[in-house]
Amino acid sequence: MDKKNPLILVAILSVTAAVGLFLWVVQESRALSYLSSDPKVCINCHTMNTSYATWQHSSHRGKASCVDCHLPRDSFINKMIAKSRDGYKHATAMTLRSYGNVLRVSDDAAARIQANCISCHQAAVSQMLDNSALYDRADPTVAMGRRCWDCHRRVPHGTTRSLTATPDNLGVKEL
Amino acid sequence: MKKSTLLTAAAVAVMVPMLLLLVSIKENKAEQQTQNAVPPIMNSLKGGAVAAGDVAKLPAIKKYESRSAEWGKYYPRQYDSYLQTSKSIEITDVLKEDPALVILWAGYGFSKDYNAPRGHHYMLEDNINTLRTGGPVDDKSGPMPTACWTCKSPDVPRLMHEKGELDYFTGKWARWGTEIVNPIGCADCHDNETMKLSISRDFLKRALDAEGSRPFAEASHQDMRTLVCAQCHAEYYFKKTDWTDAEGNKQLAEVVTFPWDNGTSVEAIEQYYDERDFTDWTHQLSRTPMLKAQHPGYETFITGIHGKNGLACADCHMPYVREGGVKYSSHKVGSPLEDIQNTCLTCHRESEEEFKQIVKRKLERKNELARAAAAELAKAHFEAAKAWELGATAEEMAPALLDIRHGQWRWDFGVASHGGFFHAPEETLRILATAIHKGQSARIKLRTVLARHGAADYEAPGFSSKEEAQALIGLSMDKLVAEKMQFLDNLRPQWLKEAAAKGLYDEKTRQGMAFKTSYSK
């Protein structure tokens, strides 16, 4: 028992340190705020400033928040799975600085967003949904075979999308 | 024992990524604070309101300060990115790539030496090293006028201010060797007090007003982000202008002038030169009164889709970049293709690879037509020379020579606008198509003249390299290079020494500069 003592002590200390560190990370990263659906949570990170500012000045502002478009809305569980996966990817990208100035949605996110476009604009696109079966070259990643924003390029984040070049994005500083 | 070791290892294993995340969050929060802060206004920076003591202690930037390092003390990031224009080290010998150019420019400096342009850092170095500026032995010798410095250095606006514009434009190139020593830099585009974009060369303002559709007084800030570039990246000629100096002596200035009175299209400028009977030189083989086009980048850009959509040169050639929380415009002016992510993709949705392929194909299309035009025109020059040799008269030759003049002018306009294949592909291809048409039209006329003089089946000589083409037009390259080296070994070092003594020369601009030319071994 005597011989084991120091190692057990080390183990206890390490685990305590890990737990302490975890709590610190939770506090620093405002982890609990991510349980909310408030768009301001997305600008916890300044990387989202331009997306926030452009959305804030778009027609979608009054109708749809970030999560309304970017996360699945079919079930709470799917929403939370997607949120955790995106959160993990974003935290990794921020930590490793592996992102550039121009951010693009992944195919996975594109599929979710498109599903949300369709669910809100059901009446407007019902005929297009039928016609989409006839598309010559369909994009298999999204429902309807063609990304809505291939044509509706300004919706809702504008045409100039770069962390350094998107105009008029200083309005986000009132946190 | 095993359990506790495992537990420790597991704890350490989870702590590592958590620590990394924590460090990153801290860093990003600091960045966030800088980025969300109200940007400082330039004037308060100069007054010392920002970064307190250090900035206030700096000496003010003088008007016409040509040493960019002095500006760099206030704007280290912009200055640092500007210095990186030195990275375009390699020389591309354009005559070697298409030897037909030697024939097209026979009797003119460009047949001796012509390289693709390098970064702003090399402006002076390449101007001084090219065989076109020859080997002067004092301030009154050499083949070129002072005007050849005009777009190479911020010392030019300084000299124009000190001496007067007409005096600056008078004399031989070598006259200003001890005065013009800093490559294109801050003072060429910026006001020293407000940093606002400003035009340092009045000939652009005069040309805009003469053309009339976009007078200088109406230029917006966005226009200025193109116009500061257009001071140099435009078509010009040296207009001979008489003037009388303070002592009452008659002088002749050769003033850089933009030929925009009739408009900025290739036809409008052609008409401008024809109306004035202007010729850059008489062709050595065909005796055609020739025109030389010089980088009509601005004229071409404004006809293209990016120009029409209100983009400025700086939007793609000087993209915004980030360093930590600080955003600034990169002053490493060069090809946007080196940074597609920060340029094209800001507005376009394709991938980088797709972009490269699209642009590559655009360039291939232009090269295809440009090569075809050059080949036609080179043959036309030889056929005209043969006709003269057989005794053709000036009346017989005139219509064909006019076609050669116009055809080569158009070809040159299409290729010398450098990025024209991208800036305005339709206009560039249209211009090159008319060049081919004019070249063929000249050759049909010449064939009739040749037939009349008994040489209906004359074939122009072939050539497969720059050297063969230069030998065909009788250029003595060894002599030209020897003269140049004599100048570079003697007069050049003296220029730099005198300029340094006058306190004009920023030595950093030539630090580590390797001697690179098309003729050095």
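Let me start with a definition: patches are made of residues with over 30% relative accessible area and no salt bridge, where like charges are joined within 9 Å and nonpolar side chains (Val, Leu, Ile, Met, Phe, Trp, Tyr) within 5 Å. A salt bridge is a side-chain nitrogen of Lys or Arg within 4 Å of a carboxyl oxygen of Asp or Glu, and accessible areas come from the Shrake-Rupley method with a 1.4 Å probe, with only the protein chains shown counting as cover for residues.

Hello everyone, and a word on the source. This is a predicted model, in which local features need pLDDT of at least 70 and side-chain atom pairs count only at pLDDT 80 or more, while totals for chains, interfaces and linings use all residues. Residues are numbered from 1 along each chain as its sequence is written, chains are lettered from A and ligands numbered from 1 in the order in which they are written, and side-chain values use heavy atoms, leaving out hydrogens and water.

Now to our patch. A:V15, A:V19, A:F22, A:L23 and B:L7 make up a nonpolar patch on the surface, and together they have about 440 Å² of accessible area. Helix α1 of chain A gives the most to it, four residues; helices here are DSSP runs of H or I, at least four residues, and strands are runs of E, at least two, numbered from the N terminus. B:L7 sits in helix α1 of chain B, residues 2–36.

How do the two chains meet? Counting contact as heavy atoms within 4.5 Å, 42 residues of chain A touch 35 residues of chain B. Between them the chains bury about 3,500 Å², 57% of it on carbon and sulfur atoms; that is the accessible area (1.4 Å probe) that two parts lose on being put together, summed over both. Of the area that chain A buries against chain B, A:E28, A:H46 and A:T164 supply 19%, more than any other three residues.

How many salt bridges are there between chain A and chain B? The count is four. B:K26 pairs with A:E28 in a salt bridge, with the closest N and O atoms 3.0 Å apart. On the side of chain A that touches chain B, α1(A) brings the largest share, 13 residues.

Let me finish with some backbone details. The peptide bond from A:V155 to A:P156 is cis, with omega near -20 degrees, and A:P156 lies in the segment after α7 (148–151) of chain A. Over in chain B, B:Y64 has phi near 60 degrees, a positive value in a residue other than glycine. You will find B:Y64 in the loop between α3 (52–57) and α4 (68–72).
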